[in-house]
Amino acid sequence: MRMTQQAAPAAGTPPAPGDRNRDGRTARRPLLLRLLARPEVGVLLGAVAVFVFFFVAAPSVRQGSSMATVLYQSSTIGIMALPVALLMIGGEFDLSAGVAVVTSALTASMLSYQLTLNVWTGVVVALAVSLGIGALNGWMLVKTGLPSFLVTLGTFLILQGVNLGVTKMITGNVATDDISDMDGFGRAKALFASSFDVGGVQVKITVVWWLVFAALATWVLMRTKYGNWIFAVGGDRNSARAVGVPVTFTKITLFMLVGFGAWFVGMHQLFSFNTVQSGEGVGQELIYIAAAVIGGCLLTGGYGSAIGPVFGAFMFGMVNQGIVYAGWNPDWFKAFLGVMLLGAVLVNLWVRRTATRR
Amino acid sequence: MTDDTATTPGPAPDATAPEDGRPLVELRGAGKSYGNIRALHGVDLTVRPGRVTCVLGDNGAGKSTLIKIVSGLHRHTEGEFLVDGAPVRFSSPREALDRGIAAVYQDLATVPLMPVWRNFFLGSEATRGPWPVRRLDIARMKRTADEELRAMGIVLDDLEQPIGTLSGGQRQCVAIARAVHFGARVLILDEPTAALGVKQSGVVLKYIAAARDRGLGVIFITHNPHHAYMVGDHFSVLRLGTLELSADRGEVGLEELTNHMAGGAELAALKHELAQVRGVDVDELPEEQDLTAPGPASSEGTP
């Protein structure tokens, strides 16, 4: 519709003299421009810039252990940013993602402790609860046709209240009891919250999970039917339905994926800190959304990647820790983030416009 | 040259489709109400293989409602809807597609930001590999999309370009090629020429004829009687949600069709009144008795 608004070539008539296999109107764009048109390239440049900046400004960033901390910080945001990004590509967003993490951790913790069960029982039930919350979000969305902002704002408030209320009711406290001496804790910690040694540097296992999930999400998005459907329901929901894409299924499962992410991060928090503070998680949902947007996902859906939010989350982790290593006042962190978010969005916009112009 | 398209081999529509001209799709007194608004009432429509049924009407006449019923987007609330002679009630476009009824919508049902080949296969993706690693067969999909588009006379260098960058006519042809490729027996085209220039409209009309020659039943919805008359075998004119005219090609001329489209019957009735008003030229308006084509069989008697 844009620049190449011309008559379609008549059937069978080679429009360009000589070369029948080309229509002669689309000149091949230079490799650099084609690269820039990818959604994750803008944020890659941004991540490199932030890294270089702190590498120069804060000498202690250059140590391996500092990088491990940065990566750990990034991974806890990044694991959630992935499903949030997929959901965003699918045209919706989830404001309950932040508190859902805490809900999941609380469920596992309290269930195991109060009933004196193996912690794995709590872990499994928490997974079911998290997936259920996701499914409920998605179901309400497709049934009511309300914007996801409203639906998930509702769930956000409900979960926030339930987290606090139920925890106080059951434990008489705002935090859950320490579960570190319970059956199965060791194995669960190994899975969700252990560290391993790389050349003398302790790296958290969440970094590995983060990259594994990112690879998986990228594969699903680019190489499977389901990925195709995600782009379609986010790009044009009515068109998608009209050509036979199961829109309801896709939207609900996307919300359930966010539930899965919330469960995973919730389990990580539980098994690293042994207890859960019931009031936490508020505001995190916006950090996830910001990481996805910085990662090149279009807030309105239909465009984005899974690898972009990886760099987006890395930028968050880098800035968060970088400020500390540089010895600056960490009070300014959020202001820095805001500037970064706006900057990244503008760069993305500019890159996309430049690169897709023909 | 043009015959390229008609003879192009491809996953042709079911060649054993009723050759006897048995209707593929039939509406009997069908209608649709949205709450207290009756958008469509008492409409009869028959679609036979190898024939183009044109549905004409002004804006708001109920054309889009009609195709939404046939394509499975909405359910009819009165009358009967038969596919291959058996009554059906579709609850989603998927079911209609499975019965070989494919619609090409006014808004094209394409996702603008997605690449051409992904749009071509959207909802019917080709895959390979066993389940946990079942993945898109990208090479095959790109090749097939390219072949089918070339058969339609569209040569694209880059199937990766977002479909939103194609011209309106090209997108129409992609949508038609897609429907034909996926074995449509009945092709519904909702105002495919409405937003197009003269030349692009010609291209689209050519593919309508090509689809008909491949044995598909075509429902061609338009408000342009000239386009309809170029390819149509049967003409149904809708007005205010009911059938105003239902006639075969032999029974109605272009001029009369145009008059019906413009609300000719009413205009004729008004002619005498208008003649009293100075400055209104009524000579060109048809007389009522000139409109000889048969109206719908049961315009009054339908329940």
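A: In this predicted model, residues 149-166 of chain A are 100% helix and 0% strand, with the end C-alpha atoms 25 Å apart. Residues 201-222 of chain A, by contrast, are 82% helix and 18% strand, and there the end C-alpha atoms lie 34 Å apart.

Among contacts in chain A with a separation of 6 or more, 77% are between residues 24 or more positions apart. A:Leu86 gives a local view of such packing: leaving aside residues up to four places away in sequence, A:Leu86 touches A:Ala217, A:Leu221, A:Ile230, A:Leu254, A:Leu257 and A:Ala306. The largest nonpolar core holds 175 residues, and A:Leu86 is one of those that touch the most other members, together with A:Val84, B:Leu187, B:Ile188 and B:Ile219.

Chain B contributes an open sheet of four strands in the order β2-β1-β4-β5, with antiparallel pairing. Because β2 (37-47) and β5 (86-87) of chain B stand at the edges with a single partner strand each, one side of each is left without a neighbour in the sheet. Strand β1 (residues 25-34) of chain B is joined to β2(B) by seven bridges, the two running antiparallel, and B:Ser33 has B:Arg38 as its bridge partner in β2(B).

Key:
Residues are numbered from 1 along each chain as its sequence is written. Chains are lettered from A and ligands numbered from 1 in the order in which they are written. This is a predicted model: local features need pLDDT of at least 70, side-chain atom pairs count only at pLDDT 80 or more; totals for chains, interfaces and linings use all residues. Two residues are in contact if their C-beta atoms, placed from the backbone, lie within 7 Å. Two strands pair if DSSP finds at least two bridges between them. A nonpolar core is a set of buried Ala, Val, Leu, Ile, Met, Phe, Trp, Tyr and Cys residues joined through C-beta atoms within 7 Å. A residue is buried if 20 or more other C-beta atoms lie within 10 Å of its own, exposed if 12 or fewer, and partly exposed in between; C-beta atoms are placed from the backbone.
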